[in-house]
Amino acid sequence: MIFKKATPYLLILPILLLYGLFIGGGLIGIILESLGHIPVLGLHGFSIESYIVVVTQKNFIESFLYSIYISLTVSLIASTLGVVIAYTFITCKNKSIQTLVKKTLQLGLIIPYIYVVFIAMLMLNQTGIFARLLYNTGIIATPNSFPELIFDRKGIGIIWVFVFKGTPFIALFVINVMARISNTFEDVGRTLGSGSITLLRRVYIPLSSNTILWTSCIIFAYALGSFEVNYLLSSISPVPISARLYSLFINPDIKVIPQTMALNVILFLLGGSIVGIYGFTLKQFLRRISR
Amino acid sequence: MKKIFLVLIAITITLPIVFILLLSLFSYYRFPLLFPKDFTTEFWKTALLKNPMFIPSLLNSLILAICNGFLSTLVGIMTARALVRHNFKGKSFIKTIYTIPLFIPSIALFLGVHTVMIRLRLINSYIGIILAHMIISIPYAVSIFIPFFQGISLDIEDAAKVLGCRTIGLYKRIIIPLIVPGIFLSFSISFLISFTEYFSTFIIGGGRVVTLATLMYPYINNFDLGNGATLGVIFIGTNLLVFFIAEYISRKKLKTDSYLFE
């Protein structure tokens, strides 16, 4: 009988250990180091000095806002595109096109982010494939008249990579849910005279809103905290917050460690909260448009 | 209209991959050429034969991804089972936190994990990397299995118990067969996450454990067209092959059309 009672606790033991040890333990670890308590390096005592240094550093706010701008743009474009693709997919009754689109979306899902960076360079460069296309069709005269799309201040390259990866992710998950929505809803809606947009708003979005919400939040969080894309494609200024954190992390000067960890704690907690706020706002928005 | 839109989407995703394939086979690509010229097998020879890191990195990628696939699926099943079938203290807590790793900015999450790994001396080890990959795979695994367990009626389980089925028998004969599609899905997604993950592999592997994804980094950083493209084709090809095999098995066993997002 005791064993019976212990069953659920045994079942959740692995996840608790893993999360507790590495996420909880990690957070405690970085907080301690950010306060300047690193006994291995002979640093003792607690002070919030490193936080003050990090926050008052030049361009800190700018970096943070820049990252939020990138994440927000990415998640809004990817979610909209993803939902539109999913809805078009469900309502397009052509089997062979559906198979083709599903396969290519899956293809988009299996390419790693780091490789999409390579693709972005290949496509968006001033001598890249888009520029070549425009040049060969006579729309631009020299490669220099093609706009700078990577390593640019507006972060177009970074946004392009996240949208390229995020859209298939959202579309596939939403298709998965929308495919299960019974045709009866659509038939009833059509009989009552609703058009495609109304059907999408009133039937499909409300029934798949949970999936839209969490996939969108995942993309938002990923764009905010991913290292490779932000680091490889960012301009010199402004620098995304994760690229800034990584530059601090690889700084060989051990005096910088508390500052690195302070920025890490800020990104961990504040970043997490921003994702929460984004999710909450999106939830309200989805509820509103389905009215 | 709808068909054109969908075909356009398909082309947008496929086009870069076609170019990558061409760039791995042709060496001359000056502006304003649209398609590369001068056929060569040099890039493929370099990648497959001359690069001493290639075979180890491919094996590392596969080993890590398969281990992560199995372990994350197992933890996913256990957690989902507890959440759906049992009542226990802290249930709502687990329900709120199991997805949390996906919503914390990954660089901050993994630098935290990194500090713990150093203390546990798991840096540069397979175990460390697998544990790190599990952290970001388990949320998906749990969300996959929750609906599967909700779909198993309590009556079936009770009937089995009344007929004398023990816990092990219950899992073997009733539960596992019913959640097999979920196992395939969860394994593939976890496999994919581990296979494509760069940052955590890199910092916890400390450069010692090289995978296909980390092997690509210098080529991408230097924008080495030919060699970068070739590694990309190999990467995508390996992944497609694995998924093709998984789909083949699942079609034979489950008789379902498409197991990855049915």
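Which residue forms a salt bridge with Glu157(B)? I began with this pair, keeping in mind that the model is predicted.

**Entry 1: Glu157(B)**
I found the partner to be Arg81(B), with the closest N and O atoms 3.0 Å apart. I then looked up where the two residues sit. Glu157(B) is in helix α7 (residues 154-162) of chain B and Arg81(B) is in helix α3 (residues 54-85) of chain B, so the pair ties together parts that are 76 residues apart in sequence. I checked the cover of both side chains. Glu157(B) has 2% relative accessibility and counts as buried. Arg81(B), at 6%, counts as buried too. I also noted that salt bridges with shared partners join Arg81(B), Arg85(B) and Glu157(B) into one network.

**Entry 2: the other salt bridges**
I read a total of four salt bridges over all chains. One of them joins Glu33(A) to Arg119(B), with 3.8 Å between the closest N and O atoms. This pair crosses between chains, running from helix α1 (residues 2-34) of chain A to helix α5 (residues 106-119) of chain B.

I then turned to Glu42(B) and Lys50(B), whose side chains meet in a salt bridge at 2.9 Å, N to O. Glu42(B) is partly exposed, with a relative accessible area of 38%. For Lys50(B) the value is 54%, and I put this residue down as exposed.

**Entry 3: chain B as a whole**
I listed eleven helices and two strands in chain B. The C-alpha atoms fill a box of roughly 75 × 55 × 35 Å along the principal axes. Of the 262 residues in chain B, 53% are buried. Among contacts in chain B with a separation of 6 or more, 70% are between residues 24 or more positions apart. I noted 22 positive and 10 negative side chains in chain B, the centres of the two sets lying 7 Å apart.

**Entry 4: the surface**
Chain B exposes about 12,300 Å², and carbon and sulfur atoms supply 69% of that area. I looked up a nonpolar surface patch made of Leu100(A), Ile4(B), Val7(B), Leu8(B), Ile11(B) and Leu15(B), with about 490 Å² of accessible area together. Which element gives the most to the patch? I found helix α1 (residues 2-23) of chain B, with five residues. Val7(B) is found in this helix, and at 30% relative accessibility Val7(B) counts as partly exposed.

Conventions
Residues are numbered from 1 along each chain as its sequence is written. Chains are lettered from A and ligands numbered from 1 in the order in which they are written. This is a predicted model: local features need pLDDT of at least 70, side-chain atom pairs count only at pLDDT 80 or more; totals for chains, interfaces and linings use all residues. Side-chain values use heavy atoms; hydrogens and water are left out. Helices (H or I, at least four residues) and strands (E, at least two) are DSSP runs, numbered from the N terminus. Buried means under 20% relative accessible area, exposed over 50%, partly exposed in between (1.4 Å probe, protein chains only). Contact means heavy atoms within 4.5 Å. Accessible areas come from the Shrake-Rupley method with a 1.4 Å probe; for residues, only the protein chains shown count as cover. Lys and Arg count as positive and Asp and Glu as negative; His and the chain ends are not counted. The place of a charge is taken as NZ of Lys, CZ of Arg, CG of Asp or CD of Glu. Patches are made of residues with over 30% relative accessible area and no salt bridge: like charges are joined within 9 Å, nonpolar side chains (Val, Leu, Ile, Met, Phe, Trp, Tyr) within 5 Å.
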